[in-house]
Amino acid sequence: MAMIFEQESRTFSEYLLVPNLTTRDNTPENVDLSTAIVRYRKGKEASRLSINIPLVSAIMQAVSDDGMGIALSRSGGLSFIYASQSIDSQADMVRKVKKYKAGFVTSDSNVTPDATLADVLAIKARTGHSTIAVTADGTANGRLLGIVTSRDYRISRTLPDTPVRDFMTPFDHLVFAREGINLSEANDIIWEHKINQLPIVNDQDELVGMVFRKDYDEHKDNPEELLDDHKRLIVGAGINTRDYETRVPALIAAGADILCIDSSDGFTEWQHETLGWIRRQYGDAVLVGAGNVVDAEGFRFLAGAGADFVKVGIGGGSICITREQKGIGCGQASAVMAVAAARDQWFRETGVYVPICSDGGIVYDYHMSLALAMGADFIMLGRYFARFDESPTRRLLVNGTYVKEYWGEGSNRARNWQRYDEGSAEAGKMAFEEGVDSYVPYAGKLKDNLDVSTAKLRSTMCACGAKNIVSFQEKARLVVVSSTSIVEGGAHDVIQKESERRP
């Protein structure tokens, strides 16, 4: 006879938080939303990677490309670039995120003085860069001879075959700095001379890098930016259990800070083998998460295999039909609480804390608070991020409403057999779908929406007497709600005026 769990399978909508005493210093500006996302010895060492807000974007074609990676990292979160694409394409997306913000940027738009205006315009069209370094050999580290910006030429008056040397700003007219200067000093020079870029050269006048004014301005607008030790944005990438021996090295070479095995079911020998290969090849140098699981056994299996974090949730995503198709899964609230208890038991036994990521089941902003209160260290979101300008899908007008396309990795559209095939002989062929193709309401810019969502989260934590996620989990008190109390919790028995759509 099959084993039957005594606990019910519950969703986030079946719970509410009961407030605790809010003290005078429990104000939103005092709430710290940062959280560790990879394993560490709690109380003895710091986690090697933390994020400034507890939100990451899903490993999905319709959600996480380099555009989302840049936008979310600038806001303090983290994107996992989707894996259902060629290795070269995914690695290129990772490189684009890492190059976007670097403080001292390696120039990747360079020409020789013999190049023409047509060459400059072609580079600008291809890269979007309006500042191009002119070096003796046309490389990023050649002897600097000048700079070309859009102010150096007029397309209507400069012939396309005009040599760059005829209109560039020559080296002896440039404001530049010598190698060894720090970023703060470089920014001071930029402000003092009212320039937009500052070339950094060595004693042989060879180009070392560039510092841009826009990077300073953008950092001021994004104080929670998630940066590595070299002032570059932090980005993750998804991997699968098939081509990891070639995909992982390429992603690491491209600069990926963390990886995650992408699968609807992580309690498999394939994930164990993938984690084992990574640990044999790289030891603990490569950070990698695994999943998904919904119970203690699944967590212990992946934690024991060396996962740096474990992803929780099967069938809870808005476009996921795994439960409907295969009859497996668990309500997301119940899964998070079960795996959180297993994580805490693992910590008591080993002294190692392995963070868990709640993946799926988030419908309303307040569900984020519940997921964290129930034990999740951070949350992975698909539908939430798919609605924004920065997601890679098209914005369409459907029945008078702007929407964005959103499809599951288990849908025929994604055709991601590497995620769902599970090792069958006919690799590459999907016998059935585990995801749907859909639309989500268009919601505008990521930062505007994210600021509202995190404001709600901070306010909720204040009401529960918590200033950080750890204390929130320790102090949180939950109550199960009835169907009628859910109705009571929304607007009722009134005629509402027209207002903006709520997220």
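In the predicted model, Val 363 is located in the loop that runs between strand E17 and helix H11 (365-373). With a relative accessibility of 44%, Val 363 is classed as partly exposed, because this class covers values between the 20% limit for buried residues and the 50% limit for exposed ones. Together with Leu 16, Tyr 364, Tyr 366 and Val 479, Val 363 makes up a nonpolar surface patch of about 430 Å².

Within H8, which spans residues 296-305, the buried positions are Gly 298, Phe 299, Leu 302, Ala 303 and Ala 305. When H8 is viewed down its axis, these buried residues fall within an arc of 160°, and they therefore line one face of the helix. Glu 297 and Gly 304, by contrast, are exposed on the other side of H8. The residue that follows the helix, Gly 306, has a positive phi, near 110°.

A further loop, between helix H5 (213-221) and strand E13 (236-239), contains Asn 222. Asn 222 has a relative accessible area of 6% and is accordingly buried, since the cut-off for burial is under 20%. When residues up to four places away in sequence are set aside, the contacts of Asn 222 are with Arg 74, Ser 75 and Lys 447.

Notes. Residues are numbered from 1 along each chain as its sequence is written. This is a predicted model: local features need pLDDT of at least 70, side-chain atom pairs count only at pLDDT 80 or more; totals for chains, interfaces and linings use all residues. Side-chain values use heavy atoms; hydrogens and water are left out. Helices (H or I, at least four residues) and strands (E, at least two) are DSSP runs, numbered from the N terminus. Buried means under 20% relative accessible area, exposed over 50%, partly exposed in between (1.4 Å probe, protein chains only). Contact means heavy atoms within 4.5 Å. The arc is that of the directions from the helix axis to the C-beta atoms. Patches are made of residues with over 30% relative accessible area and no salt bridge: like charges are joined within 9 Å, nonpolar side chains (Val, Leu, Ile, Met, Phe, Trp, Tyr) within 5 Å. Accessible areas come from the Shrake-Rupley method with a 1.4 Å probe; for residues, only the protein chains shown count as cover. A salt bridge is a side-chain nitrogen of Lys or Arg within 4 Å of a carboxyl oxygen of Asp or Glu.
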